[in-house]
Amino acid sequence: MTVLGWLTVLIVWSLVSVTGLVFSLIATSPRALGPLGVALWFVVIYSSLVSVIALALYAGKSYLKIHSTGAARLRYSWRQGLLVGGWLTGILSLSSLNQLSLLDVILLGILLVIVEVYVRFRWP
């Protein structure tokens, strides 16, 4: 699939997932969703954050002319979107469980930086 095809998939998924999240916020509550529904909600929020962040990073990298090809920009943006989306979803899930502290945010941020640095040095 081409870069344009993957960008189209990301745009469509972003629109669908964000619309679903907004609808679920308006129409339901965590109590009505139950434990499985809340877990699925976090999966959808993770995937929507990943797609929106990846698109934003791709647009920023295209504007700044970072990386030589569109495929490289998309690959790096996708990987960084996965990392940042996972970090944000982890923080949101810990917050919803009333288990979030400043130390958790710092430790998750350090983990994010470690993974990014490791992948940067090992990425082909």
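Is E116 buried or exposed in this model? E116 is buried, with a relative accessible area of 17%, where buried stands for under 20% relative accessible area, exposed for over 50% and partly exposed for the range in between, computed with a 1.4 Å probe on protein chains only.

The model is predicted, so that local features need pLDDT of at least 70 and side-chain atom pairs count only at pLDDT 80 or more, while totals for chains, interfaces and linings use all residues. Residues are numbered from 1 along each chain as its sequence is written, and side-chain values use heavy atoms, with hydrogens and water left out.

**Salt bridges**

The structure holds two salt bridges, a salt bridge being a side-chain nitrogen of Lys or Arg within 4 Å of a carboxyl oxygen of Asp or Glu.

| Pair | N to O distance |
|---|---|
| E116 and R79 | 2.7 Å |
| E116 and R120 | 3.0 Å |

E116 and R120, by contrast, both lie in helix α4, four residues apart, which is about one turn of the helix, and R120 counts as partly exposed at 45% relative accessibility. Taken together, R79, E116 and R120 are linked in a network of salt bridges. In general, side chains of opposite charge can pair when their charged atoms come close.

The largest nonpolar core has six residues, namely L7, L10, A54, L55, Y58 and L74, where a nonpolar core is a set of buried Ala, Val, Leu, Ile, Met, Phe, Trp, Tyr and Cys residues joined through side-chain atoms within 4.5 Å. Two or more residues of this core come from each of α1 (3-27) and α2 (30-64), and α2 gives the most, with three residues. Leaving aside neighbours within four places in sequence, L7 is in contact (heavy atoms within 4.5 Å) with L55, Y58 and L74.

The axes of α1 and helix α3 (residues 70-96) come within 10 Å and cross at roughly 35 degrees, the axes being lines fitted to C-alpha atoms, for helices over the stretch in contact, with angles running from 0 to 180 degrees between N-to-C directions. On the α1 side V3, W6, L7 and L10 meet G70, A71, L74 and W78 of α3.
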